[in-house]
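Here is a short report on a two-chain structure. Please keep the 3D view open while reading.

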Amino acid sequence: MTDFSCATLGCAVPVDDDHEYVLGDYEGPVARWCPGCGDHSILTSVEKLLVAEQLKPEQTMFVSGIGCSSRFPHYLKTYGFHGVHGRALPVATGIKLHRPDLNVFVVMGDGDCCSIGAAHWVHAIRYNMNMVALLLDNSIYGLTKKQTSPTTPQGFKTNTQPFGSFLPPLNPLTTMLGTTNVSFVAQTAEWIPAHLYATLRAAYRHRGLAFVRILQRCPMYTVSLYERAVKDPSLTELLVHDDGVLTPELDAIYRERRAHDPADINAARQLADDTDRIRLGVFFRDERRPCYDEIRRPTKITASERIALLDKELDRYAV
Amino acid sequence: MGLSTATLADETTAIRPPSVIRLPEHTLEIVSDSGEGAQKCGQIFGAVSAKMGNGVWTVEIIPAEIQPPPRTPEGASGNRIRIGSGAVTNWGDQVQLVVAFNEQVLLSRHRLGALADDAIILVENLWGSHPNPDIQKAWQQALVELATRNYRVIEVPMEEQCLTIDENPRKGKNMFALGLLAYIYDRSLERIEDQIAYAFRKKSEDVYQRNVGLLHLGYEWAKANLDFRIEVATSTSEKPLVVMNGNEALALGALASGMELCAMYPITPATSVSHFLAEVFEKFGGILHQAEDEIAAAGVAIGASYAGKVAFTVTSGPGLALKTEFIGLAVMTETPLVVIDVQRGGPSTGLPTKVEQSDLLAALFAQPGDAPRIVIAPSTIEECFHSVITARRLAEVFRTVVMVLSDANLATGVQPFPRPELLAEWQASEPDLAPVPQDTRPYEWDSRTGLAPRIIPGQPNGMFTVTGLAHDERSKVAYGSGVHQRSSTMRSRKLAVLQQMLTPPSIKGDPSGGELLIVGWGSTRGAIEEAVDRARAQGLSVSSLHLTFLSPLEPGLAEIFKRFKKVATVEINYSDEPTDPFITPENRRRGQLAWLLRAETLVDVDCWTRVPGEPLRPGAIVDAISSLIDGQRRLVS
């Protein structure tokens, strides 16, 4: 993978004891999502990642907004911040700026991230801070009971657009790939755990903001959305590359594959724009882009140093 | 008619020494089109006057636009400076001297009643002989309008003079004007040169030399042509002093408090706090984050605060409105947060550059659900500095939101005050990342006080998820009525605990009582107290008290109020006049502090409030005091 993992950047505290973390160190109370909800599968993959990367639970932070998916932190035994609708990214930005030592994950839904929180979304991509952002996209508002979200397919009937969604859905991938300083955009699906896990791992190891859109079914309201894709792997194309994700265990099932170099942003934009088929994999990755949290890292000073400096500032105003 | 438009050089020679007018205090203004630098001139004059040992209060005259059309009354930009032999606490009533770069900006001050009837006016004379006949006509009309008062108008060939050493006088007239003032008030040219060097520290040596040249030119012109000087005695203070504006004081207070992150979004009149921090904060181990919007600024500050040292955000009314939801989250999650609101006129975009005290009730109550938070209001520049230190400490101890209500008057006003003796204990300590004892609950409320220690990410054994949903002591989402009742009680109890720690406010005037008690808050303190002094000198039975804590309110108010026949607030926010059509005691909408005091004390608190878009004048408050007392007497008899 890459040399620019969070650990080499010094934002993870090196393991200073021999304690080996196991699944039970991360598992919180039983999740209260509906049976069949894609969130369960994502939670499992995330827990697996935490074990694999041996992240200290007390050094790990999940920040969420509001919605079904934003309950995510409650079901983990790390630190969690379940804030307000659409605003997980600003809270995470504050945490990471002040505490670069923490591993920060952000969990958002499609309404959360792409609608009410869209302003923060665009700017978080530009800030490109060392965090992982997960967009749990089930194309619907679930918690408030089936309203059209920005990613709801055109014509899909909901309680707020009962004759079918009026407009084509917003494409989160092209939005992000068109944003200045984007550094990692991937797409995966909750019903393909091997791909989901491999993508999360690549995201975690990325330097900068790793943004993963996870296609997801809502068992109550959008179960039909990916029904065909779930049953017929030939409808899904995997983007493969040494610098992206490789899932040899899926070779036998997912035969539609396309070699795509994540360094090629023009190809990434074209592939993202063509929504005729589902494409999973790393669309774009560039670790050379500036990270706001690395640029903004002031030197710590002591209380007496602060007093001395402030005394000097006051001299400017002395009568 | 005292109008004199003669050019003094013709009739006065420099041989006769000028008459020196000695006064205990003097108020002057300098006004120009935006971009001509009257503000810089006024700021330097104010700072130098303070450094020489005068009491000083300055107020900026600011249009909302950066460069409104030239030569329009609405575009007037500049400074009022009130200097005194003793302390000066407010901008006073009317000005005795004004320097104007054109007659239109002068008219704006005249029409607003800013000029005393016998004010001395020094006005650029270029416009009377301007090639454009419309401008000539406007000049003539202005002179006619100004002649309705007893002003002494002195025409000054500013441009003509500046052209002798500079080809672009529009950019240098302000330094010429500063030279005039330096002569009139006998200010030290050396000190002024130091200030010019500082003001243009980012510019080249040429720029400095050019400005100093213009300064001396103005000084020499005044010396050769003016027949008067004004002396306001200076005195040196035993204590060392500093002189700055309120926003600089807020920023320095933030540094002194040891906070390390400020997230903000540009908004007038709060932004200059961030300009200051942007230059120095990194040296202090801090980050100034300009967020993508007001909401994100609150979110970033909350995230940082949650993860370590208390952080803060700086805004003004419209921004405060946008931050409302996040402020509720901070209260609900008991995340310490300092919110500085430099108030301006509202509602909506309102009066962006003008003072108002209209955010009080929003600061207290703008929130769905019950969200108790602490609200304090500095009343002087010095208090701006200390209020941030207090706010940081209160936010941390009480794990809640502390709002600091400053305003446009304090933000741009300049005043000297004793240099703070910096203390290490003012600073936030480093977060303790030691392991917490097993099974420690994140909201382990002391059931008497509602206080609970805070767990910070990084602490082993402390892992939990904060949530804005109703939650129990373990921070578990809990909708049960008993749980919400208890957690609401605990969050509210903290304010009662703080209130019990406060001392009753002191009374200026007669603490034993009298006919009228004036209650104020925030930047109006100086004007109110000067008015009370003047009214008492006239024999009126009036006293005043000034509140620093608005939430919780300072103790003992109901008892104090009972000692006075009448209690009234004086505020810069809107209230209906009792004599207006349709207005009855039942439907009258009162000033915001009056509203609060009536609710909290069950006393029939009256109010006198105005929204003039400028600070209150002490003279107007004296008039209000008289009529409030007369009204009370009529009511009794």
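Which strands of chain B does helix 2 of chain B lie across? The model is predicted. In it, helix 2 (residues 38-51) of chain B lies across strand 2 (25-32), strand 3 and strand 4 (77-84) of chain B. The helix runs at about 15° to strand 4 of chain B.

## The sheet in chain B

Those strands belong to an open sheet of six strands in chain B, with the order 3-4-2-5-6-7. The pairing is mixed. Strand 3 (55-61) and strand 7 (152-156) of chain B are the edge strands, and each pairs on one side only. From one strand to the next, the twist averages 15°.

Strand 5 (residues 95-100) and strand 6 (residues 115-124) of chain B show one parallel pairing, made over five bridges. Within it, B:V99 has B:L122 in strand 6 of chain B as its bridge partner.

B:F101 sits in the loop between strand 5 and helix 3 (103-111) of chain B. Is B:F101 buried or exposed? It has 32 other C-beta atoms within 10 Å, so B:F101 is buried; the cut-off for buried is 20 or more.

Beyond its neighbours within four places in sequence, B:F101 is in contact with B:S32, B:D33, B:E36, B:A38, B:E124 and B:K173.

## Where the chains meet

The interface brings 46 residues of chain A into contact with 56 residues of chain B. On the chain A side, strand 2 (79-82), helix 2, helix 4 (118-127) and helix 10 (303-315) of chain A each give two or more residues. Helix 10 of chain A gives the most, with nine residues. This side of chain A divides into 23 nonpolar, 13 polar and 10 charged residues.

Strand 2 of chain A and strand 17 (residues 465-467) of chain B run parallel, joined by three bridges. Here A:G80 stands opposite B:T465 of strand 17 of chain B.

## A helix pair across the interface

Two packed helices are described by the angle between their axes and the distance between the axes. Take helix 2 (residues 88-98) of chain A and helix 11 (residues 294-307) of chain B. Their axes come within 6 Å and cross at roughly 45°. Helix 2 of chain A and helix 11 of chain B are therefore oblique to each other. Their crossing is right-handed.

Which residues meet in this contact? Helix 2 of chain A brings A:P90, A:V91, A:A92, A:T93, A:G94, A:I95, A:L97 and A:H98. Helix 11 of chain B brings B:A296, B:G299, B:V300, B:A301, B:I302, B:G303, B:A304, B:Y306 and B:A307. The residues of this contact divide into 12 nonpolar, five polar and no charged.

## Helix 19 of chain B

Helix 19 (residues 592-601) of chain B has B:Q592, B:L593, B:A594, B:L596 and B:L597 buried. What do the buried residues of helix 19 of chain B pack against? Their partners are helix 13 (360-365), strand 18 (514-521), helix 18 (557-561), strand 21 (564-571) and strand 22 (606-609) of chain B. Just after helix 19 of chain B comes B:L602, with a positive phi of about 60°.

Conventions. Residues numbered from 1 in each chain as written. Chains lettered and ligands numbered in written order. Predicted model: local features only at pLDDT ≥ 70, side-chain atom pairs only at ≥ 80, totals over all residues. Axes fitted to C-alpha atoms, helices over the stretch in contact; angles between N-to-C directions. Helix = DSSP H or I, 4+ residues; strand = E, 2+ residues; numbered from the N terminus. Parallel < 35°, antiparallel > 145°, perpendicular 65-115°, else oblique. Left-handed = near helix turned anticlockwise from the far one by under 90°. Contact = placed C-beta atoms within 7 Å. Nonpolar A, V, L, I, M, F, W, Y, C, P; charged D, E, K, R; others polar. Pairing = 2+ DSSP bridges. Buried ≥ 20, exposed ≤ 12 C-beta atoms within 10 Å, placed from the backbone.
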